[in-house]
Amino acid sequence: ISDLRSRIEHQGDKLEMAREKHQSSQKENKQLSLKVDELERKLEATSAQNIEFLQVIAKREEAIHQSQLRLEEKTRECGTLARQLESAIEDARRQVEQTKEHAVSKERAAQSKILDLETQLSRTKTELSQLRRSRDDADRRYQSRLQDLKDRLEQSESTNRSMQNYVQFLKSSYANVFGDSPYTTYLTSSPIRSRSPPA
């Protein structure tokens with residue numbers, strides 16, 4: 001009996017411990033249930049957010065798709081514009097080359113014309129210098145000739161004055177010697193008396 005009591009007490013202790021554990025387990029189960037409920041609510045909220053996110057992602061994917069289409073269209077337009085630009089640049093390059101060649105040709109023609117004009121100017125200057133020398137030589141010859149004529153004229157006038165003085169002297173001498181004779185009358189009426197000296 002004492003052994004049974006001891007066993008019963010021991011079993012009672014075990015039962016009490018099991019009851020306490022059961023109560024503790026129930027409390028933990030309640031807490032876990034609360035946690036599960038909270039997690040379920042969070043899961044529902046998360047699911048709702050995921051749905052919203054999926055909708056947003058779908059809209060963004062659609063926007064990205066539309067943007068991709070517009071990008072492809074713009075890329076094609078850029079390619080077309082790039083080809084047009086390359087063509088325009090090539091045309092401009094050809095025009096620049098043609099303009100350069102034309103400018104070089106005009107510059108060469110201008111240089112040739114300038115050389116011709118410089119040659120003509122040099123020739124004209126040479127001719128002008130020759131004409132000036134010829135004019136100076138002609139002026140010197142004219143001045144020399146004029147001076148020679150002046151000298152000869154002065155010499156002629158001096159000779160004429162001397163002859164007139166001599167004739168006058170002869171007239172006076174004949175008049176004093178012969179008086180009013182026919183020869184004296186002839187001398188006084190001679191053209192030599194009436195000749196005036198040249199200016």
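Analyst: A search of the whole structure finds eight salt bridges, a salt bridge being a side-chain nitrogen of Lys or Arg within 4 Å of a carboxyl oxygen of Asp or Glu. The model is a predicted one, in which local features need pLDDT of at least 70 and side-chain atom pairs count only at pLDDT 80 or more, while totals for chains, interfaces and linings use all residues. Residues are numbered from 1 along each chain as its sequence is written, and side-chain values use heavy atoms, with hydrogens and water left out.

Some background on the chain comes before the pairs. Its secondary structure consists of three helices and zero strands, in the order α-α-α from the N terminus. Helices (H or I, at least four residues) and strands (E, at least two) are DSSP runs, numbered from the N terminus. Of the 199 residues in the chain, 4% are buried. Here buried means under 20% relative accessible area, exposed over 50%, and partly exposed in between (1.4 Å probe, protein chains only).

Side chains of opposite charge can pair when their charged atoms come close. E16 counts as partly exposed because its relative accessibility is 37%. R19 is also partly exposed, since its relative accessible area is 39%.

The salt bridge between E90 and R93 has an N to O distance of 2.7 Å. Helix α1 holds both E90 and R93, and the spacing is three residues, about one turn of the helix. With a relative accessible area of 33%, E90 is partly exposed; R93, at 43% relative accessibility, is partly exposed too. This pair is part of a network of salt bridges that links E90, D91, R93 and R94.

In the salt bridge of D137 with R140, the closest N and O atoms are 2.0 Å apart. D137 and R140 lie in helix α1 as well, three residues apart, about one turn of the helix. The two partners fall into separate classes: D137 has 29% relative accessibility and so counts as partly exposed, whereas R140 has 51% and so counts as exposed.

Helix α1 also carries L54, which is exposed because its relative accessibility is 54%. L54 forms a nonpolar patch on the surface with F53 and I57, and together the three have about 310 Å² of accessible area. Patches are made of residues with over 30% relative accessible area and no salt bridge; like charges are joined within 9 Å, nonpolar side chains (Val, Leu, Ile, Met, Phe, Trp, Tyr) within 5 Å. Accessible areas come from the Shrake-Rupley method with a 1.4 Å probe, and for residues only the protein chains shown count as cover. The chain exposes about 18,100 Å², of which carbon and sulfur atoms supply 55%.

As for confidence, pLDDT is the predictor's confidence in each residue, from 0 to 100. The chain averages 84, and 89% of the residues score at least 70. Among its elements, α1 has the highest mean pLDDT (89) and helix α3 (residues 191-194) the lowest (44). Over residues 192-199 the pLDDT is below 50, and this stretch has 12 contacts in the model beyond near neighbours in sequence, a contact meaning heavy atoms within 4.5 Å. Where pLDDT is low, the predicted coordinates should not be read in detail.
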